[in-house]
Amino acid sequence: MENELTILLSEEDADAERVAELTGYLREELLDVEVDDVSALPAGEVPPGARAVDVTQVGALLVALGSSATALNQVVTVIRSWLHRTHDTRPSLHLEMDGDVLEVSEATDEQVEEAFKAFVQRHATAGAPP
């Protein structure tokens with residue numbers, strides 16, 4: 001679907017409860033910007049023999065950017081700020097929009113800023129009316 005950003009959050013050696021807590025904090029902050037919705041991605045069916053909780057799915061958010069031309073930039077600004085405040089644990093993020101993927105982990109603040117800037121520029125029309 002158009003104008004949607006998928007965010008997958010993970011943290012090395014973190015259990016599902018910790019990832020859910022981090023994801024919840026990020027979701028709360030994202031709901032304060034001009035987006036249509038921020039929802040947890042539903043987990044698929046658990047395959048036989050697999051653990052009931054997949055940490056990756058616990059840390060998965062779907063951001064519906066809506067029709068705001070600045071929504072993606074606002075979302076990225078919130079994520080950068082949130083990442084900066086979690087510098088002691090530094091979770092990893094996987095952002096995907098229209099098949100374009102941005103992975104953020106073990107990077108300096110400057111590298112993160114440049115990567116997010118390039119990502120936003122590639123999707124400059126996200127949220128703009130067709």
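Two strands count as paired when DSSP finds at least two bridges between them. On that basis, this predicted model holds an open sheet of five strands in the order β2-β3-β1-β4-β5, with antiparallel pairing. The edge strands are β2 (37-40) and β5, and each pairs on one side only. From one strand to the next, the twist averages 20°.

**The sheet and its helices**

Strand β1 (residues 4-10) pairs with β4 in the antiparallel sense, over five bridges. Here Leu8 stands opposite His94 in β4. Helix α1 packs on the sheet and touches β1, β2 and β3. Its direction makes about 145° with that of β1. Helix α3 (residues 71-85) also packs on the sheet, with β1, β3, β4 and β5 as the strands it touches. The direction of α3 makes about 175° with that of β4.

**The β4-β5 hairpin**

Strand β4 (residues 92-97) pairs with β5 in the antiparallel sense, again over five bridges. Glu96 has Val101 of β5 as its bridge partner. Two residues lie between the strands of this hairpin, and Asp98 takes a positive phi near 50°.

**Salt bridges**

Side chains of opposite charge can pair when their charged atoms come close. The model has four salt bridges.

| Pair | N to O distance |
|---|---|
| Arg18 and Glu11 | 3.0 Å |
| Arg18 and Glu21 | 3.9 Å |
| Arg122 and Asp100 | 2.7 Å |

Glu11, Arg18 and Glu21 are linked in a network. Arg18 is partly exposed at 26%. Glu21 is partly exposed as well, at 36%. Arg18 and Glu21 both lie in helix α1 (residues 16-30). They are three residues apart, about one turn of the helix.

Arg122 is partly exposed, at 47%.

**Confidence**

Mean pLDDT for the protein is 81, and 81% of its residues reach 70 or more. Where is confidence lowest, and where highest? Helix α2 (residues 55-58) has the lowest mean, 55, and strand β3 (residues 60-64) the highest, 93. The pLDDT is below 50 over residues 44-56. Beyond near neighbours in sequence, this stretch has nine contacts in the model. Where pLDDT is low, the predicted coordinates should not be read in detail.

Val58 is found in helix α2. Val58 is partly exposed, with a relative accessible area of 24%. Its C-alpha atom is separated by 9.9 Å from that of Asp15, a residue 43 positions away along the chain.

Notes
Residues numbered from 1 in each chain as written. Predicted model: local features only at pLDDT ≥ 70, side-chain atom pairs only at ≥ 80, totals over all residues. Heavy atoms only, no water. Helix = DSSP H or I, 4+ residues; strand = E, 2+ residues; numbered from the N terminus. Salt bridge = Lys/Arg side-chain N within 4 Å of Asp/Glu carboxyl O. Buried < 20%, exposed > 50% of the residue type's maximum accessible area, 1.4 Å probe, protein only. pLDDT = per-residue confidence, 0-100. Contact = heavy atoms within 4.5 Å. Axes fitted to C-alpha atoms, helices over the stretch in contact; angles between N-to-C directions.
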